[in-house]
Amino acid sequence: NSVPNQAALLSGCVVTHERAVLKVPHAGMECVANDKRSGWRMWCARAEEGKEQMPPSAHWLFSLAKQLGYATFWGEDMCDTDSPWSVDVLINATGAKHTIDHKFNAIYCRIADQIDVSKAQIKASLPPGWLTKGKKQLFLAKFGNCIGGAPRFEWPLALIEQMWSAYGKDVPKFAVYSASPLHSNLWETDQRLVEVAYAYDGLLSQFLGRLLQREPDTLVLLRGDHGMQDGWHQLDFNVQVEHRQPWARILVPSHLLPNATRIHTNANRLVSAFDLHATLRAAMLRGSAKWKTPGSDELPKDRGDSEASTLDITPIDLLDEEVPALRTCKHARIPAFLCPCQHDEAASGQYSYRPRFNTPKIDQEFRADDMSTTHSVE
């Protein structure tokens, strides 16, 4: 996934790059991190007048999790050490590195150290001056789908299960894993890509089945990224749909839902990664006894909520608040250049953000199919 997408979900903040052609608005925000070497900048909402500004590290969900007594896990399918394409750059720049207890990184870095990366073609897209003479850039290593006779994409899932078992039921856990089976096979044939996708679907399905059966109090967010942005696969219409409509599904145990009606309504509304951030943040606060006062179920207002209100684009807790039917891209904090056709199909706003077809028949069939696979609560 991209650094801006990951940062929006994990911190609720906007990320820009000094070399970006399309500029992302960040008016009313404060720059909390400026990594001059990589070019990434992180912008977060300013505190309301008279209130203390959150420290940069406090914006991350990892930081909130540690405050609430969680054990934390972060992993990517790569050696992300010194990588300009990993959100680690900003996690480190904001001083939040210490909020991650377990990181799935060392195993890939050890393997990468045995791989010749001197001829990696991807070097051409590195920021100017990024390469250090005489230093091996381990993040350039490319890995096969299987290592040592086992599918490597199964490793992080197994570690997450081990983490849940090791800490037991008395310690809450927060784990984020950025899987890349498709991205790692970007230039493979269509048939090979489908085979990899089916194989990973099987691994993920089995993992979720085991985890949710054993840990019924666990909330799971499955989220796609921005779709493939390189290679011939981006010409496929299915991939182009994902460019505009990144897929997401939230699996929430019924007893953890504050408002079941809200989540089903919001499944057909315009939401963004900032809303998902607010949703996870609120869920952690609701589920933590640490924040509850004796004899009351009320929770104190999260400091992150008060800051966002200064922007008039406060993100929405999708489990407890209703997203407006005619919500604009501006209020969802989605750049205007990504929303050229909002509200162009119906005054009601229904299906406003779905792709349009030339014929009513095809359009109707697409809508029927889309409704059957919309975000669900389980």
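Reply: Cys-13 is a place to start: its relative accessibility is 2%, so it counts as buried, the cut-off being under 20%. Keep in mind that this is a predicted model.

Me: What does Cys-13 join to in a disulfide?

Reply: Its partner is Cys-44, with an S to S distance of 2.0 Å. Cys-44 has 0% relative accessibility, so Cys-44 is buried as well.

Me: Where in the chain do Cys-13 and Cys-44 sit?

Reply: Cys-13 is in the loop between α1 (3–11) and β1 (14–17), and Cys-44 is in strand β3 (residues 40–45). They are 31 residues apart, and the pair links distant parts of the chain.

Me: Is the disulfide of Cys-13 and Cys-44 right-handed or left-handed, and why?

Reply: The torsion about the S-S bond is about 110°, so this disulfide is right-handed.

Me: How many disulfides does a search of the whole structure find?

Reply: It finds 2. Besides the link between Cys-13 and Cys-44, there is a disulfide between Cys-79 and Cys-109, with the sulfur atoms 2.1 Å apart. That link is right-handed too, with 90° about the S-S bond. Cys-79 lies in the loop between β4 and α3 (88–93), while Cys-109 belongs to helix α4 (residues 106–112).

Me: Are Cys-79 and Cys-109 buried or exposed?

Reply: Cys-79 has a relative accessible area of 1%, so it is buried. Cys-109 is at 12%, which also counts as buried because the cut-off is under 20%.

Me: Rings next. How many aromatic pairs does the structure hold?

Reply: There are 7 aromatic pairs. One of them is Phe-62 with Trp-74: the ring centres are 6.2 Å apart and the planes are at 65°, so the pair is edge-to-face. Phe-62 is in helix α2 (residues 61–67) and Trp-74 is in strand β4 (residues 71–76).

Me: Which residues do ring pairs link into a cluster?

Reply: The cluster consists of Phe-104, Tyr-108, Phe-143 and Trp-155. Within it, Phe-104 and Tyr-108 are edge-to-face, 5.4 Å centre to centre with 85° between the planes. Phe-104 is buried at 4% relative accessible area, and Tyr-108 is buried at 0%.

Me: Last one: what lies over the face of Phe-274?

Reply: That is Arg-333, at 4.0 Å from the ring centre.

Technical notes
Residues numbered from 1 in each chain as written. Predicted model: local features only at pLDDT ≥ 70, side-chain atom pairs only at ≥ 80, totals over all residues. Heavy atoms only, no water. Phe/Tyr/Trp six-rings, centres within 6.5 Å; stacked < 30°, edge-to-face > 60°. Helix = DSSP H or I, 4+ residues; strand = E, 2+ residues; numbered from the N terminus. Buried < 20%, exposed > 50% of the residue type's maximum accessible area, 1.4 Å probe, protein only. Lys NZ or Arg CZ within 6 Å of the ring centre and 35° of its normal. Disulfide = S-S within 2.5 Å.
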